[in-house]
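Reader: Please take me through one part of this model closely. I want the pieces and how they meet, in short sentences.

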Amino acid sequence: MDALFYQLIWKGLIGALLPSIGFGVLFNVRGTSLLLAGLTGGIGGFMYQLCLYCGFNDSIANFIAAVALSICGEIFARKMKTTVSTFTAVALIPLVPGGGAYEMMVYFSQGNTLAGLMKGVHVLSVSGMLCLGILSVSTITRFFFYSKRKLATTSERLQQKIALGQTKSKTSMQEIEIPIDYSLQSDFEQKELLNPDKTTKP
Amino acid sequence: MEISTPTASELARTKAQEGVCAILRAGTLLMSSGAEVYRVEETMTRLGHAIPGVDSCIAYVTVTGIICSIEYQGQTVTRIARMKDSKRNLSIVNAINDLSRKSELHHYSAAEINEHLNQIDNLPNYSDFTTALWGAIGAAGFVIFFGGTLIEMVFVFGIGLITRYLSVLLDRLAINPFIVNASLSLIIAILSVIAHLIYPPCNVNTMIISSIMLLVPGLMITNALRDSVMGEPLSALVLLTESVLVACAIALGAIAGLFIMGY
């Protein structure tokens, strides 16, 4: 139990939280976002150590950690109304295989080409896993919010039609208000969301 | 001598010029704050289309340069910007993203965009001392992440403080970034061996890797892969090559440091 605590909380959570906050300052993240970015990094490190503890290999552990931290990033970005990369770029720092890239070049410069190549492929696979994790979460959230919005607009339209058919008095002139989700602003596909005359007009 | 009044086409041309300058400025600012290539392209196109009267706006962004072209009532103006170095400043990236979102709602003109960019340019930065301190704390955190001891943490905190401070100094001298990285990692290696000599149970490798995380381009590799997935393979290749070269410079510096100290 003590060893588990050491690995998960101390090594994973604290060990990833401190570098995340440190790099958040280097990247000029400010205020509450800085603390939340640190927390995102801590959760990523925690998941990584948890996966290692459960016996997954390094790449899968990185993938799961990236998924966890980008889910947190998406939630925090919607809460704080900033871009997702404020949290993910900072939180990725502890997981990113910088040490591996350095070790690879050390092996190469020592003449140990085979070990260097193995390390290089490992570095590429780990960073590929990290970027895949982030990408899959952002794609799923985009799709989720897109379909949710579509559903909302179609149901509004249906309700309007029904209302028009039954009572032509007031519901036909009713303004439909759809809350604008500002945190989606980085997505190009969400353009029509910010364009009020497209969403409100049936 | 007579002063001719500007014709409609000349007016349109100046309008297009103003627009292209403002958008290019936004793109340059974004790119030098370390935004991803696809995000810069997207933001520039959105800003351009939001300017009232603009028929089409095309931005072509790579890591090393930006081309932007605007068509305003039949007059096309194209401009190029060259990108040199980039630092990460996520608050600028955030602010410009905010600006592009607002400009889609309010349709800002070129002058208004310029005004907002002036404000964004003056966003506050952390002082050198604060960044050095937090960089050192981050490096000390890496010792925990790599499973080191508390005494190694203290040493790495000191090494990180010195490294960050020196890197700020070297940035001002505008030396080649590869040389800067190599010399910084040389200093890190020398200091780590000295720390090991002071207190022998300290592991030199843990200390070097933890402090070197301040320099290594790990995020660059991940961003390069992300760019290549998002449809920017050209920039991804450039970034990947650059990150490998930076890692090479860092490793050479560290090996030279270890060699000098006879470790």
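Author: Of the 202 residues in chain A, 44% are buried. The model is a predicted one. Chain A has eight helices and zero strands. Along the sequence its pattern reads α-α-α-α-α-α-α-α. Take the contacts in chain A with a separation of 6 or more: 64% of them join residues 24 or more positions apart.

Now the meeting of the two chains. On one side stand 45 residues of chain A, in contact with 43 residues of chain B. Several helices of chain B each supply at least two residues of the side that touches chain A: α3 (90-106), α5 (128-145), α8 (204-212), α9 (218-229) and α10 (233-260). The largest share comes from α5(B), with 11 residues. By class, the side of chain B that touches chain A holds 25 nonpolar, 13 polar and five charged residues.

Two of those helices, α9(B) and α10(B), also meet each other. Their axes come within 8 Å and cross at roughly 165°. An angle over 145 degrees counts as roughly antiparallel, so α9(B) is roughly antiparallel to α10(B). The crossing of α9(B) past α10(B) is left-handed. From α9(B), the contact draws on B:M220, B:I221, B:N223, B:A224, B:L225, B:D227 and B:S228. From α10(B) come B:P233, B:S235, B:A236, B:L239, B:L240, B:E242 and B:S243. Sorted by class, the contact of α9(B) with α10(B) has eight nonpolar, four polar and two charged residues.

Chain B also holds a sheet. This sheet is open, with three strands in the order β1-β2-β3 and antiparallel pairing. Strands β1 (54-61) and β3 (75-82) of chain B stand at the edges. Each has a single partner strand, so one side of each is left without a neighbour in the sheet. From one strand to the next, the twist averages 10°.

Look at one pairing in detail. Strand β2 of chain B, residues 65-72, runs antiparallel to β3(B), and eight bridges join them. One named pair is B:Y72 with its bridge partner B:Q75 in β3(B). In general, strands of a sheet pair through backbone hydrogen bonds.

Methods
Residues are numbered from 1 along each chain as its sequence is written. Chains are lettered from A and ligands numbered from 1 in the order in which they are written. This is a predicted model: local features need pLDDT of at least 70, side-chain atom pairs count only at pLDDT 80 or more; totals for chains, interfaces and linings use all residues. Two strands pair if DSSP finds at least two bridges between them. Helices (H or I, at least four residues) and strands (E, at least two) are DSSP runs, numbered from the N terminus. Axes are lines fitted to C-alpha atoms, for helices over the stretch in contact, and angles run from 0 to 180 degrees between N-to-C directions. Two residues are in contact if their C-beta atoms, placed from the backbone, lie within 7 Å. Ala, Val, Leu, Ile, Met, Phe, Trp, Tyr, Cys and Pro count as nonpolar, Asp, Glu, Lys and Arg as charged, and the others, Gly among them, as polar. Angles under 35 degrees count as roughly parallel, over 145 as roughly antiparallel, 65 to 115 as roughly perpendicular and the rest as oblique. A crossing is left-handed if the near helix is turned anticlockwise from the far one by less than a right angle, and right-handed if clockwise. A residue is buried if 20 or more other C-beta atoms lie within 10 Å of its own, exposed if 12 or fewer, and partly exposed in between; C-beta atoms are placed from the backbone.
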